[in-house]
Amino acid sequence: MNTHDPLPEPFSLTSRLATDPEQCALFCEDATLNSWLAAERALAQAQAEAGVLTHAEAAAIRDAAQLHHIDREELWRTARTVGYPILGLVRQISRQLPPGPDGRVHYGATTQDIMDTGLALQMVRSLAALERRIAELGDVLADRVTEHASTVMAARTHGQQAVPTTFGATLATLLAQFTRHRQRLAQAAPRIGMISLSGAGGTAAAFGPHAAAIRSDMARLLGLHDTATSWHVARDGVAEFGWLCSLLTATCARLARNIVDLSRTEIAEVFEPYSDHRGASSTMPQKVNPITSESIIGLSGTVGALTSALLRAQEAGHERAAGEWHTEWRVLPELAVSAGTALTETIALLRGLRVDARRMRTNLDSGGGLIMAESHMITLAGPVGRERAHDLVHEAATRTRTTGTHLTQTLRDVLTEHHLDTLLPGLHTQPENYLGQAHRTAETTTRLWRTQTASLPEPPTPLAHLAAN
């Protein structure tokens with residue numbers, strides 16, 4: 001292979017089938033280089049404001065620290081020798097400068113200051129993009145909750161029919177989760193988007209008496225949060241970013257798992273969007289596999305495993321990691337892209353979701369009325385006490401399963417045998433009469449979502465434009 005050719009990327013079938021272009025762009029090579037260059041530009045400008053550099057030197061560095069000046073082949077060759085890319089990056093910037101300013105690039109900073117600041121810039125933009133996806137997903141989901149607020153179906157516990165509910169109430173639990181996730185992103189942003197400028201050992205000694213002012217001004221220029229404490233080895237903010245990605249993807253997978261179960265032939269209540277040959281089998285012409293849900297579930301499994309790797313990064317000792325930091329380099333981009341992809345796929349899933357309300361009703365009636373057992377028990381608990389009511393209905397339910405009759409009839413027989421037939425008129429026999437707070441849950445959850453304001457600002461300044469004027 002020609003040494004000038006870029007290294008081939010490992011093939012990913014997952015990425016070929018579904019991906020999030022926005023998250024890919026935020027963590028691509030160009031974005032990563034631009035994030036480091038933005039950090040170097042902002043550092044020079046902040047040092048000029050503090051009087052450490054002249055404004056002319058800072059302006060020269062600003063103009064030199066541009067992506068089109070970077071020889072990538074040389075940069076990565078140097079990085080393989082050094083182990084890190086910033087030494088080579090700084091020397092390439094310096095070569096663009098005349099004597100004087102060429103020795104003022106990266107003044108007092110250490111490699112991890114630049115790389116961590118760049119990472120913070122990328123993570124902040126990733127959070128903003130994820131928030132926009134959540135906002136879109138939540139709006140579509142809220143519409144579905146409202147649409148199906150009165151669509152009666154069986155609630156299922158342990159895979160079995162439990163009590164009546166509505167499909168809207170079931171979806172509302174997901175909407176509530178995304179409401180909380182949106183709040184989590186806003187709460188986490190200050191902890192994740194922090195400036196890093198602590199110098200070689202975390203003391204910022206090389207910046208002298210102007211260290212705090214330089215750091216604060218650099219944070220302002222980059223739109224990051226200031227912190228007086230080094231986070232070179234305190235990677236909780238990075239782990240929190242990964243955890244947020246994992247939470248988002250897992251919530252998407254919870255919906256996807258329900259779709260897989262509810263679209264089973266034996267249940268057939270809810271289905272993915274349909275188009276010709278969508279989810280087709282190579283050998284079974286009748287198949288319509290839930291391919292989007294499967295993709296989301298697969299993403300969640302991967303994200304959960306990758307997030308656990310960030311826990312190892314927390315083990316970094318003393319003032320600089322010895323390999324733990326490297327874990328993040330591979331894991332973080334994958335987490336962001338996977339979370340964005342899961343959200344995007346879930347939006348498409350919800351937009352085209354097909355619901356068979358008639359089948360839901362048929363399934364409600366298929367269990368011989370057993371789904372109303374709790375309703376009967378609660379009704380009887382008033383006059384005879386909860387424990388006795390439980391035993392009476394249990395006896396009737398057992399008889400229903402063994403005889404194939406309806407619970408209403410077997411319970412009538414049991415109550416008559418126990419000389420309690422006077423209680424029969426008070427029993428509810430229709431699922432619509434035992435929905436509890438289902439309608440209110442759907443209404444309240446939807447209202448909370450729709451009255452929630454955006455938790456993060458509009459898309460931040462593009463990386464290439466930061467500290468560029």
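I started at histidine 277, which sits in the loop between strand 3 (270-271) and helix 11 (291-313). For the record, helices (H or I, at least four residues) and strands (E, at least two) are DSSP runs, numbered from the N terminus. I am working with a predicted model, where local features need pLDDT of at least 70 and side-chain atom pairs count only at pLDDT 80 or more, while totals for chains, interfaces and linings use all residues. Residues are numbered from 1 along each chain as its sequence is written, and side-chain values use heavy atoms, with hydrogens and water left out.

**Entry 1: positive phi**

I looked up phi for histidine 277 and found a value near 70°, positive in a residue other than glycine. Most residues other than glycine have a negative phi. Histidine 277 is exposed, with a relative accessible area of 61%. My cut-offs here are under 20% relative accessible area for buried, over 50% for exposed, and partly exposed in between (1.4 Å probe, protein chains only).

I then went to histidine 106, in the loop between helix 6 (86-95) and helix 7. Histidine 106 also has a positive phi, of about 65°, and is not a glycine. Is histidine 106 buried or exposed? The relative accessible area of histidine 106 is 16%, so I noted this residue as buried.

**Entry 2: the cores**

Next I looked up the nonpolar cores, each a set of buried Ala, Val, Leu, Ile, Met, Phe, Trp, Tyr and Cys residues joined through side-chain atoms within 4.5 Å. The largest one has 109 residues, and Met218, Leu222 and Phe241 have the most contacts inside it. Which helix gives the most to this core? I found helix 7 (residues 111-147), with 15 residues. Apart from this core lies another of 17 residues, among them Met377, Val384, Ala389 and Leu411.

I followed methionine 218 by its contacts (heavy atoms within 4.5 Å). Not counting residues up to four places away in sequence, methionine 218 touches Ala39, Ala42, Leu43, Ala46, Thr117, Ile195 and Leu197.

Glutamine 122 is also in helix 7, and at 5% relative accessibility it counts as buried. Leaving out residues up to four places away in sequence, glutamine 122 touches Leu26, Phe27, Ala31, Thr32, Ser35 and Leu463.

**Entry 3: helix 10 with helix 12**

I looked up how helix 10 (residues 236-262) packs on helix 12 (residues 324-351): the angle is about 30°, and the axes are 9 Å apart. Axes are lines fitted to C-alpha atoms, for helices over the stretch in contact, and angles run from 0 to 180 degrees between N-to-C directions. Helix 10 and helix 12 are therefore roughly parallel to each other. The classes I use are under 35 degrees for roughly parallel, over 145 for roughly antiparallel, 65 to 115 for roughly perpendicular, and oblique for the rest.

The residues that meet include Val238, Phe241, Gly242 and Cys245 in helix 10, and Leu332, Leu335, Ala336 and Ala339 in helix 12. By class, this contact of helix 10 with helix 12 has 15 nonpolar, 4 polar and 1 charged residues. In this scheme Ala, Val, Leu, Ile, Met, Phe, Trp, Tyr, Cys and Pro count as nonpolar, Asp, Glu, Lys and Arg as charged, and the others, Gly among them, as polar.

I zoomed in on leucine 335, in helix 12. Leucine 335 is at 0% relative accessibility and counts as buried. Leucine 335 and glycine 242 are 93 residues apart in sequence, yet 6.4 Å apart in space, C-alpha to C-alpha. Beyond four places in sequence, leucine 335 touches Gly242, Cys245, Val303, Leu306, Thr307 and Leu310.

**Entry 4: helix 8 with helix 10**

How do helix 8 and helix 10 run relative to each other, roughly parallel or roughly antiparallel? The axes of helix 8 (residues 167-192) and helix 10 come within 10 Å and cross at roughly 170°, so I filed the two helices as roughly antiparallel. The contact of helix 8 with helix 10 divides into 14 nonpolar, 5 polar and 4 charged residues.

Phenylalanine 178 is in helix 8 and is buried, with a relative accessible area of 2%.
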